[in-house]
Amino acid sequence: MSRTAAVVGAGIGGLAAAALLARSGRRVTVFEQAPQAGGKAASVRLGGFRFDTGPSLLTLPEVFRRFFARLDRNLDDYLEPLPLAPLCAYDFADGTRLESYSDRARFAAELEAAGAATRRELEACLDHSARLWRWAGELFLTRSLHEPATFFSRAGLRAILHAGRLSPFQTLHAANARAFTDPRAVQLFDRYATYNGSSPYRTPATMRIIPHVEYGFGGYALRGGIVALPRALERVAREWGVEFRFGEAVERIVVQQGRCRGVEAGGVFRPADLVVSNADVLATYRRLLDMPQAPEARRAARQEPSSSGLVFLWGLKRGFDRTRVHNIFFSGDYPAEFDALFRRLDLPEDPTVYVNITGKVDPEDAPPGGENWFVLLNAPRAAGQDWPALAARARRAVLARVSKALGTDLEPWIAEERVIMPPDIERETGSTHGSLYGMASHGPASAFLRHPNRSRRIRGLYFAGGSVHPGGGMPLALLSGMLAADLAEKTER
Ligand SMILES: Cc1cc2nc3c(=O)[nH]c(=O)nc-3n(C[C@H](O)[C@H](O)[C@H](O)COP(=O)(O)OP(=O)(O)OC[C@H]3O[C@@H](n4cnc5c(N)ncnc54)[C@H](O)[C@@H]3O)c2cc1C
């Protein structure tokens with residue numbers, strides 16, 4: 001008799017779990033409410049321009065490589081990662097401009113030329129980041145923090161041994177302010193808090209691990225756009241026999257006598273031996289399990305959601321030599337920006353502007369002479385704000401900031417435009433409050449408070465995706481799917 005699994009959602013985590021469960025011999029069906037796979041990693045065409053509408057920077061390619069290897073496949077047969085040099089062009093409020101590189105000597109030269117940091121400061125910062133990765137990276141990312149065995153593993157013992165040096169009680173900003181004397185370098189390294197939707201003034205200094213992810217392992221674009229990733233994951237899952245049911249929203253995860261029995265989609269009961277929910281964890285408890293009062297749901301609801309994003313997709317009739325694939329135009333008042341985002345739940349008056357232009361590495365993405373600008377602002381979680389009014393205000397601020405930096409009035413060059421607001425992200429991907437990365441990493445114990453990949457209450461129920469352990473971002477969402485599948489195979493014999 002074949003063993004079966006149902007997966008709710010074809011985001012990165014759901015796709016990873018589905019493929020591995022199929023690899024271990026299960027008959028797997030993925031139910032996805034959207035017409036395609038990918039969730040937040042989606043893509044759109046406007047006129048002659050193509051845009052990724054969600055993630056834009058791929059990190060930790062090794063994680064994806066290992067995933068393909070576990071499916072007896074070579075990543076290079078499915079994806080073409082394009083290493084980025086420079087990684088990012090930074091434009092500061094005082095007019096300083098510099099570029100970051102994973103080549104340390106080159107990055108140090110840029111920082112020194114701008115007078116923003118010394119080579120020694122950079123070396124010390126990146127060496128510390130690499131040490132944090134060695135001490136804690138494996139534990140936090142590739143293991144469940146909720147299974148006792150983890151802490152008796154080598155990775156667990158190593159992290160316990162170095163626990164004091166992970167600096168969980170200091171903030172990222174405080175640590176960066178000690179590591180660098182120039183405020184521009186502090187701001188550049190504070191920005192890594194936003195890689196999981198958090199504030200540098202509240203996330204623990206343990207997050208100094210993130211620069212190693214970017215500078216140690218590199219940052220990548222993908223040929224065909226980031227959307228090539230979910231397409232590749234879907235392809236390999238299909239090769240292992242996974243069935244996809246697109247346009248089918250799961251209405252209910254069916255539980256009887258404390259055990260998952262399957263799902264209900266389109267009013268039809270679909271039995272399964274186990275269920276993996278790749279839907280947002282709060283939505284899973286509230287809507288799919290009808291258990292809003294379960295302790296796990298209440299605990300998740302008490303945690304602060306990560307920031308959301310306000311996106312402008314701009315198809316420009318011209319290009320700029322000065323811009324790169326990734327560009328940051330920093331706010332002149334970073335503390336005020338995060339105060340607006342997390343305390344006032346408002347858009348900052350002077351926002352940091354991020355611009356991704358995939359056409360720089362993939363000319364197919366824009367007509368000749370043009371550029372496809374994905375403009376992202378950190379935004380507060382959706383909480384009933386007047387978004388059209390906020391977006392109009394932000395649009396003016398972005399145009400003023402970027403036009404000043406480029407020395408050209410940008411607005412007349414916009415040929416195509418679409419705006420994506422936090423409530424759109426919430427509606428289209430099912431992410432509660434439109435948060436990009438699940439829960440914010442605020443507080444020393446945040447990593448331990450994320451929901452586990454296996455339910456203790458309901459047998460046969462597993463969780464994968466950015467709102468559960470180990471957290472948001474594409475590599476982590478993939479790892480969560482791998483953890484969920486591995487736990488399921490260990491538990492459901
Ligand atoms: C604007 C933006 C920028 C980002 N930038 C980056 C970046 O540069 N780098 C990076 O690594 N990460 C980035 N991220 C985060 C990254 O996209 C996510 O962490 C990751 O894609 C989440 O994957 P997931 O597995 O949680 O699934 P999700 O993408 O959340 O997908 C969940 C899927 O489940 C489906 N679903 C939900 N409920 C149901 C139901 N009841 N029935 C059927 N289907 C259901 C949804 O339709 C969706 O397809 C960004 C995200 C956004 C939105």
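Which residue in E9 does Glu32 stand opposite? Glu32 stands opposite Phe246, where E2 and E9 pair in the parallel sense over 4 bridges. Helices (H or I, at least four residues) and strands (E, at least two) are DSSP runs, numbered from the N terminus, and two strands pair if DSSP finds at least two bridges between them.

The model is a predicted one, in which local features need pLDDT of at least 70, side-chain atom pairs count only at pLDDT 80 or more, and totals for chains, interfaces and linings use all residues. Residues are numbered from 1 along each chain as its sequence is written.

The pair E2 and E9 belongs to an open sheet of 5 strands in the order E9-E2-E1-E13-E19, with parallel pairing. Strand E9 (243–246) and strand E19 (461–463) stand at the edges; each has a single partner strand, so one side of each is left without a neighbour in the sheet. On average, neighbouring strands of this sheet are turned by 20° against each other, direction ignored.

Across strand E1 (4–8), E2 and strand E13 (274–277) lies H1, running at about 165° to E2. Such angles run from 0 to 180 degrees between N-to-C directions, with axes fitted to C-alpha atoms, for helices over the stretch in contact; contact requires C-beta atoms, placed from the backbone, within 7 Å.

The ligand is surrounded by 38 residues, the closest being Gly9, Gly11, Gly13, Gly39 and Gly465. A residue counts as near if its C-beta atom, placed from the backbone, lies within 6 Å of the molecule. H1 gives the most to this shell, with 3 residues.

Note on methods. Contact = placed C-beta atoms within 7 Å.
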